[in-house]
Amino acid sequence: MIKVSLYSITRSITTFVLFFTLSVSFAQEIPETPEAIADGESLFNANCKTCHRVHQKLVGPALANVYDRAPSIDWLKAFIKNSAAVIASGDDYAVNIYNEYNKTQMTAFTGLKDDQLMNLLAYIKAETEKGPPVAATTTAAGGEGTGSGVPAAYLNIILVGMLVILTLLVIVLLFLVSALKRFLDQKDLSEEDKEVINSPYTVGSITASAGFRFIMIFIIASLGFKWTINTLFSVGVQQGYAPKQPIAFSHKLHAGAYEIDCKYCHVGAMVGKNATIPSVNICMNCHRSVKTESAQIQKLWAAADWQPETLTFGPNQKPIEWVRIHNLPDLAYFNHAQHVNVGNIECQTCHGPIEEMEVVKQYSLLTMGWCIDCHRKTDVNTKGNEYYDKLVELHNQANKEPMKVEDIGGLDCAKCHY
Amino acid sequence: MEKESTKKIYWKGLEQLSNDSEFVKHAHNEFAPGPEEDLGHSRRDFLKMMGFGVAAVSLAACEAPIRKAIPYVNKPEDSTPSVADYFASTYTNGGDYCSIVVKTREGRPIKIDGNELSSVTKGGTSAQVEASVLSLYDNARLRFPRLGENRKATWDELDMEITDKLRGINLSNGKIVIVSNTILSPSTKAVIEKFKEKYPTTQHVQYDQGSNYGMLKANEESFGTAMIPSYDFSKAKVIVSVAADFLTSWLAPVEFTGQYAKTREVSEDKKEMSRHYQFEAGMSLAGANADYRTQIKPSEEGAVVVQLYNLLAAKAGRETISGGVDKPHLAKAANDLWNSRGNALVVAGSNDKSVQVVVNAINDILGSYGTTILPNIPVNYRQGNDQAMADFVKEVNAGSVAGVIFYNCNPVYDHPMGAQLASGLSKVQVKISTSYKEDETAALADYIAPDHHFLEAWNDAEPKKNHYSLAQPAITPIFKSRAAQESFLTWAGETNVDYFEVIKNNWKNWFYKSGNFQTWWDRCLYNGVLELPVEETSVSFGGDVAAAASAIAANYKPGNGFEVFVFENGTVGNGSQANNPLLQELPDPITKAVWEHYVTVAPADAKGINFAEAKTEYFTISINGQEPVKLPVLVQPGQTPGTLGIPLGYGRTNAGKVADDIGKNAYPLIAMVNGSLNYSVGGASFQATGERYQIATTQTHQTYMARQTVVQETSLANFSKADWKREFQPKVATWKDPKHKVAPGELSMWKGHEYKNHHWGMAIDLNTCIGCGACVVACNVENNVSLVGREEVINRREMHWLRIDRYYSSDAEVSDVRGLEIAAENPEVVFQPMLCQHCNNAPCETVCPVAATTHSTEGLNQMTYNRCIGTRYCANNCPYKVRRFNWFKYHDNKQFATANPAMNTDLGKMVLNPDVTVRSRGVMEKCSFCVQRIQNGKLQAKKEKRSLKDGEVVTACQASCSTGAIVFGDVNDPESKISKLLKIAPANPEKPFGIDKITGNPRAYQVLEEIGVKPNIWYLTKVRNKDSAKA
């Protein structure tokens, strides 16, 4: 009896060990397929980029070669999933990193699956092999004013040309007047006529003329009218509105320098009507350990009533009252998910170069004309979306132009007003 | 136009039938009169105001207000702002039950839908369930526990005092009574048992406003157990109801409406439906839907049941019993019942044991037990014990009760002996109420320990045997309330009680079998319901029919004077939710009155009352030994002469601003007969006071031209014929050839639209629509529709986007006065939900000078509020009269604070749907086909990169309809439910996406088809199960 059970135990142990080594050796192969790398890239951007770069030290270490550097792939997996546990276990390598980076705790990513982690490593490997980027070339957020019509340079040339022609015209006219005068002087004319011819042009005579008055009144009235219309149209338009916020948060730093993905903080943009201003707990993902001495970050801590000893939120939480910058009227319905998720529109299309803004300002007009204009010009992002299949087919039967938002009811009143 | 071949006439109110001059004036003025011109202002004033206005606007425009955006500190992981979350829960109000799904936004419940996973309510709701979400935000709710006369207390203080007092009573062996309505929750009952263990002298008394104690006793006599069985109307081919309004108030209307509608569905493949006989005094909703309706007096209910028994007993060879009275259709009903044995059902509304024993005997003869009546699945909806409650009131007055706890009930108001109880309460040492409001009973209590509203609380329910249901909170408690169960346990000496843990443990012990408990529990919570198998049992009838017959004969004798009956109507019901303005402004399904309490009388008894346009007189009703009741009279066609009907649920004095002082309390009229409460009383006299009164009703508002082109109906006998066609199919002559006549749809001045993507349409089955009004409330809540109050309804300015037109019809000649009387005596009734028809050639669109109402690329008629300048041309030009004008600013306006709290109090505003604009003064509004739901459904499909599936977009009215009468969907999709129901095909195969669609369903028609506006709503002809078209 004992023998048998011993045998069965040893057998099960060997199977287990065999299976384990097999699976480990299998798992340690970092995939090199483009799909894996692409998946890894999106995972990296969504989860890691906030604190890590491949070739550069940021909040956490640079990740190049990490798969060779770290004790093992399994160690890496365990660390990413729950670094605190690894450190607590007394692992030397982990403790050293922890101390090296000012005892900054890495966020636990319990939700990531093993194959996702392998894809992540695949991306890091690919990037490592590419080597650090050569001095980044900044390309302008191009295409400004490149709609239809004549380029600006030509316009200037045309304007100058017209000015030259007009001046020439005036000179010719002056010549004509003096020639005519000379011609009339040689004629026999009555005294009265001569007086008229020789009467000098004075400022008084010009301003007193009915024609001049009419032109002046017309010009002033037109300008006044235009000003009134412009003013009325700008009522409620807050383009350029850049109020002071309770915390001097810099998009230039976060979105620009650190290239944190917009959707990391604005979590609602992909799913709902509101892009949502990040809740304090999102800020605290990093700022529980990053730049904690700053007065601005202390405001965050106060809002969260952060308890650094227990790493928890305290009982006296107080929400931060941000000043709302983009104020659509209640009568207009706007949904971020439709535009960001379905339409795949860049945030910058409406919010401008947010990654360059120290203080955020309203970049676009946010008027109905502005919305409509875009709906007329923008192609529908139909690629890979089965919802649009029938519409695209019908559209292509009659049209060669790509399908615009306008073509599928993008100008219906009840798209935005209900 | 072809002459209609039917002689039937349709009318909305008596004034229309008699062509009253007042009515004609209003009907011809296509539009409701506007506010009176104020001539006190001169042109100079106007200019001054104008100047000031312009200056104010430009000044205000200079600086936009600073708006704050305040995110969560710690955002809950599973909830994103602006994305709705749904929670399965349970609506319970006394014994009324509905399994529901609560829609929340940013943690606020904003809408209640039915839960389709429940086999009991099957996704249906009722007006009261739909409206209950606003009761959560009732301003009359208690903010904190109350001690003595209006003293704010903490829970600790309250608990200490109460525990002290209860212990004192316990030591002196005094009696404690817990009074409640029916309790459906098994966990709550377990909690009360624990309380009893601690205080052994405790007695628990349950009572119901609409009692069925007589049935409990009758079943005890007949079958040995005091229970009420499940009824399954869906299996019944012949239904006979003696004064049971099973579509409004009898037992479980949410359940019965769905079952009933199943039997009323007809199609080309199923040309059969149930036949429904109703014998009753007042016109009830069930009576209005019946095929044959017979007028009886309340005192004759027993005799009618006895007669029916005798007719059937003669066929079955059983012994007949004495008594009985012959009534029209009774013999026919007996024949039909006998012929459909096993598929027949007889129900009676009477609360008298003797009557119910005879009804049981009839159902026994018909073999209903085991088919249409399921005694193996008893229901718990009504557990009230009339005798115990009456004894309790006597004990209170005798001073033998030391402590009383009113658990979420209000007997001082809604029990017949309420006044007696109120005066006796001073003899009780400790009076505690757990009511969440200071109602009539709580006002007399020493302590109020406010319970949560049901949307804030954990609870469970067992509506039927082995059918369980969970309630989970959809919002954190708004005020300092506490679950009543926790209060009971705390007073019983337990510490740190958490009722959630109590329920969870109970369920673990009672129902959980194997597997991972947490997974099982999460599944239960997600589903909201847990249904366990019930074994089959059979019962055998052992009641004494002869004794019952003699009791009936002894108890009901025709007396002198009028017979008064009280009933729960389809709006405020038993009055527990009377402070809900959604229900007050919901037109009563039959009378169409709003914000009103009245007494209904038969036209024959109302001679001399000029009842045009609901202008009426006050009458006093005196019953022996009772204080006379003064109420305005409402003349009700179809009511039995010699009877007076008074709705319950009015005359509240402590309900809150909305309900207080509307009408009189009718509960005191209820008396004990044969050991249970009897909801009618004889020997009443009825005198005019000469005081005039205007009842607010929507009855004849928005009336349009001829009726035959609006309501279409036929008899089952006709419909069963192979070549049946609708009787009214308009044709128009063309100028080319006057003799050649074409359908109006074939001609058009317009180029038409092309709907490449979706083409939204709706089908409404007049056969299954019972007219209950749940859809109206659902529409109000979903679309932030303003409530306007009584005065404004009288001014014909109600804002409902969806109304239910109730037509009476009769085929009598109405050329003379006698004809009028016959017509109004016992008319047939048709209900027709009327909403924006979303015409493809919409008359409103062409007359708008600013293009504020336009057509969408998906067939919707869009209304753009911000573009509207309020000319009201569109409403004038609308043939269906479904457009509503905002005569006032109904939000943030003190004038409407009472009628429209959802837009006027901070608390009330929490119910508003954030996806729908709140309209301001001076703009037009109307049904949008729930465009916010359409847009949301499409977005969901686009986000998931797939095409939109049928059934994903459901309008609020459709979702609320327990009978499935409303079907909404994409008629461009040949696989959609609506396309299949209507058998939709494109009129022109070359242009499959054009507006013109042909319907292959012979019952489908469009209202006012002949004017060629091509609506996107089709109605299905009503079919009555009559032998011939004539009654």
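**Helix 4 of chain B and its surroundings**

In helix 4 of chain B, the residues B:Ala127, B:Glu130, B:Ala131 and B:Val133 meet B:Ala774, B:Val777, B:Ala778 and B:Val781 of helix 22 of chain B. By class, this contact between helix 4 and helix 22 of chain B comprises 7 nonpolar residues, no polar residues and 1 charged residue. The model described here is predicted. Two packed helices are described by the angle between their axes and by the distance between those axes. For helix 4 and helix 22 of chain B, the axes come within 8 Å and cross at roughly 20°. Because angles under 35 degrees count as roughly parallel, helix 4 and helix 22 of chain B are roughly parallel to each other. The crossing of helix 4 of chain B with helix 22 of chain B is left-handed.

Helix 4 of chain B, spanning residues 127–135, also lies across strand 3, strand 4 and strand 5 of chain B. Relative to strand 5 of chain B, helix 4 of chain B runs at about 175°. In chain B, these 3 strands form an open sheet in the order 3-4-5, with antiparallel pairing. Strand 3 (85–93) and strand 5 (108–114) of chain B are the edge strands, each pairing on one side only. On average, neighbouring strands of the sheet are turned by 40° against each other, direction ignored. Strands of a sheet pair through backbone hydrogen bonds, in either a parallel or an antiparallel manner. Strand 4 (residues 96–105) of chain B is joined to strand 5 of chain B by 6 bridges, and the two run antiparallel. B:Lys103 has B:Lys111, in strand 5 of chain B, as its bridge partner.

At the domain level, the assignment for chain B gives domain 1 (9–28 + 702–1024), domain 2 (146–210 + 384–527), domain 3 (214–379) and domain 4 (559–694). Taken over C-alpha atoms, the centres of domain 1 and domain 4 of chain B are separated by 32 Å. Contacts between these two domains involve 28 residues of domain 1 of chain B and 22 residues of domain 4 of chain B. On the side of domain 1 of chain B that touches domain 4 of chain B, at least two residues each are supplied by helix 1 (14–17), helix 2 (21–28), helix 22 (774–782), helix 23 (790–794), strand 34 (803–810) and helix 24 (817–825) of chain B. That side of domain 1 of chain B has 14 nonpolar, 7 polar and 7 charged residues.

Note on methods
Residues numbered from 1 in each chain as written. Chains lettered and ligands numbered in written order. Predicted model: local features only at pLDDT ≥ 70, side-chain atom pairs only at ≥ 80, totals over all residues. Domains from an automatic or database assignment. Contact = placed C-beta atoms within 7 Å. Helix = DSSP H or I, 4+ residues; strand = E, 2+ residues; numbered from the N terminus. Nonpolar A, V, L, I, M, F, W, Y, C, P; charged D, E, K, R; others polar. Pairing = 2+ DSSP bridges. Axes fitted to C-alpha atoms, helices over the stretch in contact; angles between N-to-C directions. Parallel < 35°, antiparallel > 145°, perpendicular 65-115°, else oblique. Left-handed = near helix turned anticlockwise from the far one by under 90°.
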